[in-house]
Amino acid sequence: MEDDLNSTIDPACLQDPPLAIDVIRQLDVFEICLYSMLTCMSCISLLLYLEQCLYIYKTLPYPKKTTTIWISGAAPVIATMSCFGMWIPRAVMITDMTSNCYFAVVVYKVLVLIIEEFGGSNEFLRRFSGKGFRISTGPCCCCCYPCLPYVPMTRRLFFWMKLGALQYAILKTALSVLAIVLWTNGNFDLSDLEITGTAIWINPFIGVLTIISLWPVAIIFMNTKGFLRGINLVPKYAMYQLILVLSQLQTSIINILSLNGTIACAPPFSSQARGSMLSQQMMIMEMFIITLINRFFYHRTYDPHPCEEHDNDQNAKIDLQPALVEHDV
């Protein structure tokens, strides 16, 4: 029975991803146009990013400019790596790892950017020390709003928040290098879901590290976003979250669909290789659009964030308005 089943499967569906030259040879007119358009999109994204880096370097002060360059480069870097993975299917493992490692650093840089908008760590602590921070935010405790109390901000809590975001950038890179080394030796295979496989241990551990790193960033953002509306922090954070969903969740869903055979084999691409190819193509288009949107938010200058005394004066004026109205009545 198994021999009959195997005889009906194209041998190409059981092979490794094709070489780049094999991909080029089997392209028809539509695929040539598609690949050319996606390649142009990734090149334009990279060129826009390089021009934006030059603008940021000239207009923003240090260290804010380096942090902004890191964050705004997430979409162009992912688009460029996806373009390499589209043309060279056997390099998808390396290109995906490179994109994920870069984004792991971006997660920490988002936290750093918020802190730098307040003048740095010391100024942030001086301003918010002792004030209650709501910790019932995603991805860990978004459903525990009535249960979790407000936690006062202290230097120790601030240190653990920064460490929680930083550990992902360090451990994700280290585990990615380990996974690539094991992959070259044939010990790391995403399709191997046995308990003895390395992928079944490394990937869930990376998922836990991701959740731990996203939580402190979300806490800082949710408790400070009202002070930073003048620099469009909310849409910038939304773009960062969108990149996270597309690069992590969308890719994982496509990989799962390809592993269980939902995405059909199309020689010379196996089911898993075709799923990776579709993921790379979608990622290029999505990151190109995000690059254009990010250019609107980052390719401009903002007024300096007002000092705490200015905020207190504004809040005092707002508090006095109801009292004056009541006095007049």
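In what order do the elements of the protein chain run from the N terminus on? The order is α-α-α-α-α-α-α-β-β-α-α-α-α-α, which comes to 12 helices and 2 strands. Keep in mind that this is a predicted model.

**Whole chain**

Of the 329 residues in the protein chain, 42% count as buried. For contacts with a separation of 6 or more, 75% are between residues 24 or more positions apart.

**Stop 1: helix α5**

Select residues 74–87, which make up helix α5. From first C-alpha to last, its 14 residues reach 20 Å, close to the 20 Å expected at 1.5 Å a residue. Why call this helix largely enclosed by the rest of the structure? Because 12 of its 14 residues are buried. Among them are Ala74, Pro76, Val77, Thr80, Cys83 and Gly85. Now show what they pack against: α3 (29–59), α4 (64–72), α6 (92–117), α10 (233–259) and α11 (271–298).

**Stop 2: the cores**

Next, pick Met287 and show its contacts. Leaving aside neighbours within four places in sequence, Met287 touches Ala75, Ile78, Ala79, Ile243 and Leu246. Two of the α5 residues buried at the previous stop, Ile78 and Ala79, are in that list.

Met287 also belongs to the largest nonpolar core, a set of 63 residues. Along with Phe124, Met153 and Tyr240, Met287 touches the most other members. Which helix gives this core its largest share? That is α6, with 14 residues. Apart from this core lies another one of 12 residues, including Leu27, Leu38, Met41 and Ala273.

**Stop 3: the rings around Phe124**

Show the aromatic side chains: the structure holds 15 aromatic pairs. Start with Phe124 and Phe133, which pair edge-to-face, 6.5 Å centre to centre with 75 degrees between the planes. Both of these residues are buried. Phe124 sits in helix α7 (residues 121–128) and Phe158 in helix α8 (residues 155–184), so the pair ties together parts that are 34 residues apart in sequence.

Are these two buried or exposed? Phe124 is buried, with a relative accessible area of 0%, and Phe158 is buried too, at 5%. To see the whole cluster linked by ring pairs, select Phe118, Phe124, Phe128, Phe133, Phe158 and Phe227.

**Stop 4: around the α3–α4 loop**

Go to Pro63, in the loop between α3 and α4. Check omega here: the peptide bond from Tyr62 to Pro63 is cis, with omega near 5 degrees. The charged end of Lys65 sits over the ring of Tyr57, 4.0 Å from the ring's centre.

**Stop 5: Asn232**

Last, zoom to Asn232, in the loop between α9 (199–224) and α10. What is its phi? Phi is positive, about 60 degrees, although Asn232 is not a glycine. Asn232 is partly exposed, with a relative accessible area of 21%.

Methods:
Residues numbered from 1 in each chain as written. Predicted model: local features only at pLDDT ≥ 70, side-chain atom pairs only at ≥ 80, totals over all residues. Heavy atoms only, no water. Helix = DSSP H or I, 4+ residues; strand = E, 2+ residues; numbered from the N terminus. Expected span 1.5 Å × (residues − 1). Buried < 20%, exposed > 50% of the residue type's maximum accessible area, 1.4 Å probe, protein only. Contact = heavy atoms within 4.5 Å. Core = buried A, V, L, I, M, F, W, Y, C linked by side-chain atoms within 4.5 Å. Phe/Tyr/Trp six-rings, centres within 6.5 Å; stacked < 30°, edge-to-face > 60°. Lys NZ or Arg CZ within 6 Å of the ring centre and 35° of its normal.
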